[in-house]
Amino acid sequence: MIRVILPQHLRTLAHVNGEVLLEVEGQVTPRSILDALESRYPMLQGTIRDHTTLERRPFLRFFACEQDVSHESPDSPLPDSVAAGSEPFLIIGAIAGGLCP
Amino acid sequence: MSKVRVLVGTKKGAFILTSDGKRQQWDVSGPHFAGWEIYHLKGSPVDPNRIYASQSTGWFGQIVQRSNDGGKTWEPVGNKFTYDGVPGTHQWYDGTPHPWEFKRVWHLEPSLSDPETVYAGIEDAALFRSTDGGQNWQELSGLRGHGSGPHWQPGGGGMCLHTIILDPSDANRIFIAISAAGAFRTDDGGGTWQPINRGLQSGSIPDPKAEVGHCVHHIAMHPSRPGVLFMQKHWDVMRSDDAGDSWQEVSGNLPTDFGFAIDVHAHEPETVYVVPIKSDSEHFPPDGKLRVYRSRSGGNEWEPLSNGLPQENCYVNVLRDAMSVDRLDDCGIYFGTTGGQVYASSDAGDSWMPIVRDLPSVLSVEVQTLT
């Protein structure tokens with residue numbers, strides 16, 4: 001099982017506590033994790049990556065094994081320890097950011 | 001006995017305020033969606049327990065929430081707003097072409113006849129409609145397809161479609177307003193649109209009488225007279241008696257004709273309310289005194305209403321969607337401030353009291369009268 005850690009607001013939106021455990025088919029990449037995550041929690045569609053372009057939203061980052069993989073290709077394989085479930089895949093909101101009317 | 005439910009959107013969540021018809025004791029529920037910007041909530045006129053809410057942040061984008069029990073519980077529905085076809089460009093602040101990009105939903109307007117149908121006004125300006133309770137959204141692209149679209153420009157708050165008014169006497173007629181493009185009307189259910197800005201004068205644009213380019217802040221209509229519209233423009237309070245075909249200024253004796261909010265008394269179509277704001281560079285009431293102004297003559301003659309409102313050191317703003325009225329016999333008027341207060345009057349504005357004082361900055365106020 002793949003372990004995913006969501007920001008607090010997305011845990012609330014998806015009605016989950018703690019880590020999310022996902023079955024991911026095929027190679028474990030940011031894209032395959034997000035595909036599985038959005039399939040299981042459709043309310044997260046559009047909140048992490050754009051609906052159409054599938055690009056990561058600007059104020060979010062992806063981390064794996066203490067490495068920032070945000071700018072890697074979404075199809076790059078993640079470390080074996082993430083694929084094995086011993087390390088989580090983290091989706092992190094920037095400290096800065098947000099817009100006001 | 002009648003009840004009143006006030007739906008309050010703030011920068012950090014939604015709050016639902018309820019009272020009986022006396023409107024003296026209030027129950028406060030919230031924050032719902034804590035930490036998120038709630039630009040707008042509005043209930044269906046057909047099924048008041050069906051409420052739609054626009055929830056967003058810069059981090060996670062747009063969510064649309066729906067309640068079927070008057071706001072006790074919520075479920076996220078569709079949040080995919082895809083422009084129809086190739087979006088093209090509008091003007092950026094510096095006049096250069098800028099691609100249309102979805103940012104957020106400013107206003108949700110449920111249908112007058114079908115609780116499953118709801119309209120969304122978005123930034124960058126476009127009008128969307130859902131006919132399945134918010135699950136799927138389709139653009140009414142005839143609006144952006146009006147030939148003037150490439151010339152629209154954002155106002156200070158972004159290029160937002162912030163006002164949607166459905167004509168209760170004609171299901172095919174809709175009025176909308178965009179900052180800073182102006183007001184538009186469709187007479188064929190959203191297929192085609194025409195700008196309705198004749199008579200507006202905006203000194204800050206190259207052609208003060210241009211067909212588009214006006215920074216309309218809000219429009220209000222009394223349902224019994226859908227051809228009469230009242231507008232708070234960036235500067236000027238305006239009135240139209242021909243469904244927007246022409247406008248006349250009715251600012252009259254207002255201390256300043258800048259402002260955002262405007263609304264009409266529930267039972268007196270010629271009684272109009274505005275909250276004058278000092279200027280476009282100083283977004284607070286003149287002299288630090290929070291005063292609603294009321295005209296009982298459809299404009300031009302205005303009286304200040306200050307009983308119960310702070311009359312010193314008050315430097316809040318009242319945003320465009322942050323004023324609403326109830327439909328009880330003694331019409332109630334409500335507005336929220338950027339300082340987090342929601343004020344209510346149960347006597348048409350003669351006296352005011354705060355329902356709550358310390359909410360996050362208020363973005364919108366909508367009132368439901370429940371029987």
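Colleague: Which residues of strand β27 (residues 333-336) of chain B point one way, and which the other way?

Modeller: The model is predicted: local features need pLDDT of at least 70, side-chain atom pairs count only at pLDDT 80 or more, and totals for chains, interfaces and linings use all residues. Residues are numbered from 1 along each chain as its sequence is written, while chains are lettered from A and ligands numbered from 1 in the order in which they are written. In a regular strand the side chains alternate between the two faces of the sheet. From β27(B), one way point I333(B) and F335(B), and the other way Y334(B) and G336(B).

Colleague: Are I333(B), Y334(B), F335(B) and G336(B) buried or exposed?

Modeller: A residue is buried if 20 or more other C-beta atoms, placed from the backbone, lie within 10 Å of its own, exposed if 12 or fewer, and partly exposed in between. Strands are DSSP runs of E with at least two residues, helices are runs of H or I with at least four, and both are numbered from the N terminus. Whichever way they point from β27(B), these residues are all buried.

Colleague: Which residue of β28(B) does Y334(B) stand opposite?

Modeller: Two strands pair if DSSP finds at least two bridges between them. Three bridges join β26 (residues 323-325) of chain B to β27(B), and there Y334(B) is the bridge partner of S324(B). Four antiparallel bridges link β27(B) to β28 (residues 342-345) of chain B. In β28(B), the residue opposite Y334(B) is A344(B).

Colleague: Which residue takes a positive phi in the hairpin of β27(B) and β28(B)?

Modeller: Five residues lie between the strands of this hairpin. The positive phi, near 90 degrees, belongs to G340(B).

Colleague: In the open sheet of β26, β27, β28 and β29 (chain B), which strands stand at the edges?

Modeller: The order is β26-β27-β28-β29 in chain B, with antiparallel pairing. Each edge strand has a single partner strand, so one side of it is left without a neighbour in the sheet. The edges are β26 and β29 (353-356) of chain B.

Colleague: What is the average angle between neighbouring strands of the open sheet with the order β3-β2-β1-β30 (chain B)?

Modeller: This is an antiparallel sheet of four strands, with β3 and β30 (362-370) of chain B as its edge strands. Axes are lines fitted to C-alpha atoms, for helices over the stretch in contact, and angles run from 0 to 180 degrees between N-to-C directions. With direction ignored, neighbouring strands of this sheet are turned against each other on average by 15 degrees.

Colleague: How many bridges join β1(B) to β30(B)?

Modeller: Strand β1 (residues 3-10) of chain B runs antiparallel to β30(B). One of the pairs is R5(B) with its bridge partner Q368(B). The number of bridges is eight.

Colleague: Why does H40(B) count as buried?

Modeller: H40(B) lies in strand β4 (residues 37-43) of chain B. Two residues are in contact if their C-beta atoms, placed from the backbone, lie within 7 Å. Beyond four places in sequence, H40(B) touches residues including G9(B), W106(B) and S364(B). H40(B) counts as buried because of its C-beta neighbours inside 10 Å, which number 25.

Colleague: Which residues touch the most other members of the largest nonpolar core?

Modeller: A nonpolar core is a set of buried Ala, Val, Leu, Ile, Met, Phe, Trp, Tyr and Cys residues joined through C-beta atoms within 7 Å. The largest core has 132 residues. The ones that touch the most other members are V8(B), I176(B), I219(B), A261(B) and V342(B).

Colleague: Which strand gives the largest share of the side of chain B that touches chain A?

Modeller: The contact takes 18 residues from chain A and 16 residues from chain B. On the side of chain B, the largest share is three residues. They come from strand β6 (residues 61-67) of chain B.

Colleague: What radius of gyration does chain A have?

Modeller: Chain A has three helices and five strands, which run β-α-β-α-β-β-α-β from the N terminus. The radius is taken over C-alpha atoms, and the globule rule is 2.2 Å times the number of residues to the power 0.38. For 101 residues the rule gives 13 Å, and the chain comes close to that, so chain A is as compact as a globular protein of that length. Its radius of gyration is 13 Å.
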